Amino acid sequence: MKTFLLALRNLLRNRRRSVTTLLAMVIGLTATLLFGGYSSNSILAMQTGYVQVEGHLQIQRQDYFLYGSGNPAAYGIADYQRIMALVKADPVLQPMLTVVTPKLNLGGIAGNFAAGVSKTVLAAGVVVDEQNQMREWNDYGSLSYSHPLALTGTAQESAVIGTGVARLLQLCGPLNVPNCHAPPKTPSSSAPKQAPDDILALSALETPAPSAASATQIELLAANDHGVPNVAALNVVKAENYGLKQLDDIFMEMHLAQAQKLIFGGTAPQVTAIQLQLQHTHQIPQAKARLNELLASSLKDAQLEIQDFETLVPIYGQTIQFFDSVFGFIATLIGVIVLFTVGNTMSMAVVERTVEIGTLRAMGLRRSGIRRLFMVEGMLLGSIGALLGVCIALGVASLINHSGLTWTPPGYVYAYPLRVRVWGNAPLILGSAVGLVLVAIVSAWWPANRASRLAIVDALRHV
């Protein structure tokens, strides 16, 4: 206790230098905590967005993830309804599940034959109500501006396309796509064209006669499960921006029943994935282990595999690695600054108090006592700096959280409120604060060790 009080009095003897050292430590810790809170919020917001769209886990046919994206007929899941019922009724999985929904991904050629243009597309057939339910998942309080699918309440032959697809199919006008200019007309495209007779015949078999909404009608050509071309006439109800231009230029959504009819016709419908959304992300290992047990027993003949959202969306893991590397760089840089700042402060204190050190040694204080005195001073500096840094970081974070700022995660189209998760993030606060104190103690060790080795006679006659 005496050492502690003496160390505190020594810090107060030169308040200006102590305050300057504390200022460097506080600013460094505040910056570290704010960036750590920002990266934590960004990662959780990204996770929320991807889980709302992809689910936590997906049941797929074996090797579909590697080879089956362009061949839904060969990698479809037959009898998927029985599999979904089995998963929903499982006593282990049931308490963890929020949504279990099928999805069919397919590729094809979308054509606007009235304008004489066509475009290769990737389409997703979904159950709209269940997808809307998935978008309500919000385990971290990352409130978003996500909205229900534009397919909500539409007819079976409805579709939603990316704004890039709308631009390439020359549907900007009918769909009211902003900042979308029609390409200049060429002589060959000045007059409206009709689809070839065989495609019109296929389209007539699949859908009713066009209605008044024919200005937004397109034809989607795809190969069915027998490899034969099949066509569906679709009415585009909206063009949406999907965030990434590469995706926006190729993606469209449609009702699952219509997608199944296009690919499988009158045969038993299949899907390419069964999406599972859990109540909490930390339940993924437990749910995955149970699903693997089912695949090895009740579903051993179905040739299925389990994929989690981190595998399906590689950019999520890459973003975590990026934030971790930047956080590590910032923490290291600030640690080096604190190391030299505290070390310089302690070295100056040793020089100024050389006679005092000689006096203490002459009175019988051991070298370990001198070393301990200066290291306690470093610990006090680190502790006070950590306390002030945490308090200031919490205040600044609160201001940011109530500022109303928003950000859009990579590959997403709607924004999330910008939050800095410092309060409640115990690992970040404790890790950063303890790290600062340890750096301060280590910084004080070298000057303290040098002070303890001073010869008593030389120290007493120091001027």
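## A nonpolar cavity and a buried valine

The lining of the largest cavity has seven nonpolar residues, no polar and no charged ones (Ala, Val, Leu, Ile, Met, Phe, Trp, Tyr, Cys and Pro count as nonpolar, Asp, Glu, Lys and Arg as charged, the others, Gly among them, as polar). This is a predicted model, where local features need pLDDT of at least 70, side-chain atom pairs count only at pLDDT 80 or more, and totals for chains, interfaces and linings use all residues. Residues are numbered from 1 along each chain as its sequence is written, and side-chain values use heavy atoms, with hydrogens and water left out.

| Item | Value |
|---|---|
| Volume of the largest cavity | about 30 Å³ |
| Cavities of 30 Å³ or more in the whole structure | one |

A cavity here is a set of points on a 1 Å grid over the protein atoms alone where a 1.4 Å probe fits but cannot get out; lining residues have an atom within 4 Å of a point. Ile59, Val87, Leu291, Leu294, Leu295, Leu299 and Ile306 do the lining. Helices are DSSP runs of H or I, at least four residues, and strands are runs of E, at least two.

Now for Val160, which sits in strand 4 (residues 158-162). Why does Val160 count as buried? Because its relative accessibility is 1%, and buried means under 20% relative accessible area with a 1.4 Å probe, protein chains only. Leaving out residues up to four places away in sequence, Val160 touches Ala150, Leu151, Val237, Lys238, Glu240, Tyr242, Met252 and Glu253 (contact: heavy atoms within 4.5 Å).

How values were computed. On a 1 Å grid over the protein atoms alone, a cavity is a set of points where a 1.4 Å probe fits but cannot get out, and a pocket is an open set with protein on both sides within 12 Å along at least five of seven lines; lining residues have an atom within 4 Å of a point. Grid points are joined across faces, edges and corners, and a volume is the space filled by probe spheres set on the points. Buried means under 20% relative accessible area, exposed over 50%, partly exposed in between (1.4 Å probe, protein chains only).
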